[in-house]
Amino acid sequence: MPESAPAAADDGALVRRSMSGDIRAFELLYRKHVGRVHGAILRIVGMNHARAEELTQDAFVRAWQKLGGFRFESAFSTWLYRLGVNVALMDLRGGNGEQNVEDEVLELAAGGDVPFCAGERSDLEQAVAKLPPRARAVLVLHDVEGWKHEEIANELGMAIGSSKAQLHRARGLVRKLLGAAA
């Protein structure tokens with residue numbers, strides 16, 4: 001890797017420059033991290049590409065606005081990723097998590113990006129996209145992003161048991177949807 005080998009050190013320097021108003025440094029941070037943030041948001045919003053683009057931009061605007069609050073206690077990438085996920089979750093809580101799933105399924109069937117992960121088939125993406133928003137959020141955060149139920153419950157404002165129940169429900173619905181597709 002040519003320039004990005006010392007990634008954490010580069011991020012620290014870029015964050016410090018950004019904090020002092022260097023927009024070019026923030027642009028470099030954006031280019032470096034936009035893929036991961038967008039991917040997480042895209043999965044949380046059920047593969048709604050247009051909504052994911054909007055929320056990704058919102059996340060980076062908020063990151064710029066809140067940059068002064070970054071305390072260097074964790075990696076910048078972790079802070080930014082968490083901020084992006086929170087933007088998507090706030091959108092779900094605000095009732096904007098519902099989308100026209102049929103349009104999204106048609107887009108995937110027409111050969112859209114492979115946003116879930118490179119090895120997954122389109123039918124799995126479609127099944128996850130069809131889940132109710134909170135069940136989808138729990139499934140994505142737990143099974144794809146690796147969050148613990150305690151973190152999910154805290155972020156979604158639910159009991160830990162509810163997070164576990166939503167995960168169980170989501171997995172059952174995905175199995176049912178995939179079984180119906182077979």
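On a 1 Å grid over the protein atoms alone, a cavity is a set of points where a 1.4 Å probe fits but cannot get out, and its lining residues have an atom within 4 Å of a point. In this structure, the largest cavity is lined by H33, R36, V37, S77, L80 and Y81. The model is predicted, so local features need pLDDT of at least 70 and side-chain atom pairs count only at pLDDT 80 or more, while totals for chains, interfaces and linings use all residues. Residues are numbered from 1 along each chain as its sequence is written, and side-chain values use heavy atoms, with hydrogens and water left out.

**Confidence**

- The predictor's confidence in each residue, pLDDT, runs from 0 to 100, and for the protein its mean is 80, with 79% of residues reaching 70 or more.
- Among the helices, which are DSSP runs of H or I with at least four residues, numbered from the N terminus, confidence is highest in α3 (residues 49-66), at a mean of 95, and lowest in α5 (residues 101-109), at 37.
- Over residues 1-5 the pLDDT stays under 50, and the model has 2 contacts (heavy atoms within 4.5 Å) for them beyond four places in sequence.
- The pLDDT is also below 50 over residues 97-120, a stretch that has 40 contacts in the model beyond near neighbours in sequence.
- Where pLDDT is low, the predicted coordinates should not be read in detail.

- The structure holds 1 cavity of 30 Å³ or more, and the largest cavity has a volume of about 30 Å³, where grid points are joined across faces, edges and corners and a volume is the space filled by probe spheres set on the points.
- Helices α2 and α4 (76-96) each supply at least two residues of its lining.
- By class, the lining has 3 nonpolar residues (Ala, Val, Leu, Ile, Met, Phe, Trp, Tyr, Cys and Pro), 1 charged (Asp, Glu, Lys and Arg) and 2 polar (the others, Gly among them).
- H33, one of the lining residues, lies in helix α2 (residues 23-44) and has a relative accessible area of 11%, so H33 is buried; with a 1.4 Å probe and protein chains only, buried means under 20%, exposed over 50%, and partly exposed in between.
- Leaving aside neighbours within four places in sequence, H33 is in contact with D11, F60, F76, S77 and L80.

**Aromatic pairs**

- Rings of Phe, Tyr and Trp (its six-membered ring) pair if their centres lie within 6.5 Å, with planes under 30 degrees apart counted as stacked, over 60 as edge-to-face and the rest as tilted; by this rule the count comes to 7 aromatic pairs.
- F26 and W64 form an edge-to-face pair, 5.1 Å centre to centre with 65° between the planes, and this pair links F26 in helix α2 to W64 in helix α3, 38 residues apart.
- F26 is buried at 9% relative accessibility, whereas W64 is partly exposed at 34%.
- The rings of Y30 and F60 have their centres 4.6 Å apart and their planes at 75°, so this pair is edge-to-face.
- Y30 in helix α2 and F60 in helix α3 are 30 residues apart; Y30 is partly exposed at 27%, and F60 is buried at 4%.
- F26, Y30, F60 and W64 form one aromatic cluster.

**I44**

- I44 lies in helix α2 and is buried, with a relative accessible area of 0%.
- Not counting residues up to four places away in sequence, I44 touches V85, A88, L89, L92, R136, V140 and L141.

Methods: On a 1 Å grid over the protein atoms alone, a cavity is a set of points where a 1.4 Å probe fits but cannot get out, and a pocket is an open set with protein on both sides within 12 Å along at least five of seven lines; lining residues have an atom within 4 Å of a point.
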